[in-house]
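Hi everyone, thanks for coming. Let's look together at how two parts of one protein meet.

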Amino acid sequence: MLDAFSRSVVTADASTSTVGDIGALKEFVANGNRRLDAVNAIASNASCMVSDAVAGMICENQGLIQAGGNCYPNRRMAACLRDAEIILRYVTYALLAGDASVLDDRCLNGLKETYTALGVPTTSTVRAVQIMKAQVAAHIQDNPSESFAGPRLKKMNPTLTDDRCASLVAEASSYFDRVISALS
Ligand SMILES: CCC1=C(C)/C(=C/C2=NC(=C\c3[nH]c(/C=C4\NC(=O)[C@H](C)[C@H]4CC)c(C)c3CCC(=O)O)/C(CCC(=O)O)=C2C)NC1=O
């Protein structure tokens with residue numbers, strides 16, 4: 001498992017360079033508090049995000065909770081919620097580390113094969129992941145949708161920068177895209 005620092009060392013070694021990408025590391029350190037706020041915004045809302053994403057996936061495809069569907073019976077529903085939580089957690093770890101290797105190695109490696117063997121529909125999983133991707137962008141920018149969240153709406157009120165943390169949103173989105181392509 002690598003993070004932004006160890007990745008830089010490995011890359012520098014591979015190219016017999018002495019410094020690696022110091023510019024990228026400087027930026028990683030300079031924006032460290034923003035990154036921690038983003039991670040906190042996700043972790044503090046995780047259970048709500050997971051249940052909302054899985055509920056949305058099921059609303060759009062109710063066969064999932066009927067006999068023969070992969071979220072039926074309760075045991076599978078619970079496994080599905082657990083899996084969505086695992087995926088969100090590993091995306092959050094990757095965002096914290098600034099590197100996708102923890103997500104790749106410990107979550108995505110072999111997941112498609114596991115799902116194929118168990119008959120877990122990957123198109124539905126991808127839908128839940130897409131919903132979580134949108135939620136994460138909203139929470140990093142601290143603008144969760146009032147109409148979706150209703151009375152559960154929770155704002156974190158961090159100090160937001162002018163770009164509303166666009167680069168962190170893009171980075172988090174890229175980790176979700178990795179999940180989607182690993183399952184597709
Ligand atoms: C640390 C990384 C890690 C991951 C990622 C992981 C995934 C994982 N998900 C599983 C099952 C499962 N995963 C799902 C998920 C779903 N079903 C649906 O219809 C939805 C589309 C979707 C939720 C979004 C279900 C229903 C099962 C149980 C399938 C079965 O037993 O028939 C299994 C089989 C063993 C078990 O049931 O616990 C594994 C290994 N385990 C891990 O240790």
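Across the interface of domain 1 and domain 2, the rule finds one salt bridge. By salt bridge I mean a side-chain nitrogen of Lys or Arg within 4 Å of a carboxyl oxygen of Asp or Glu. Which residues meet in a salt bridge here? They are Asp-99 and Arg-7, with 2.7 Å from N to O.

A quick word on the source: this is a predicted model, where local features need pLDDT of at least 70, side-chain atom pairs count only at pLDDT 80 or more, and totals for chains, interfaces and linings use all residues. Residues are numbered from 1 along each chain as its sequence is written, and side-chain values use heavy atoms, leaving out hydrogens and water.

Now, where are the domains? Domain 1 covers 1-30 and domain 2 covers 32-183, with bounds from an automatic or database domain assignment. Eight residues from domain 1 and 10 residues from domain 2 make the contact, meaning heavy atoms within 4.5 Å.

How much area is buried between domain 1 and domain 2? About 700 Å², and carbon and sulfur atoms give 47% of that. Buried area is the accessible area (1.4 Å probe) that two parts lose on being put together, summed over both.

Finally, look at the side of domain 1 that touches domain 2. By class, this side has six nonpolar, no polar and two charged residues. Here Ala, Val, Leu, Ile, Met, Phe, Trp, Tyr, Cys and Pro count as nonpolar, Asp, Glu, Lys and Arg as charged, and the others, Gly among them, as polar.
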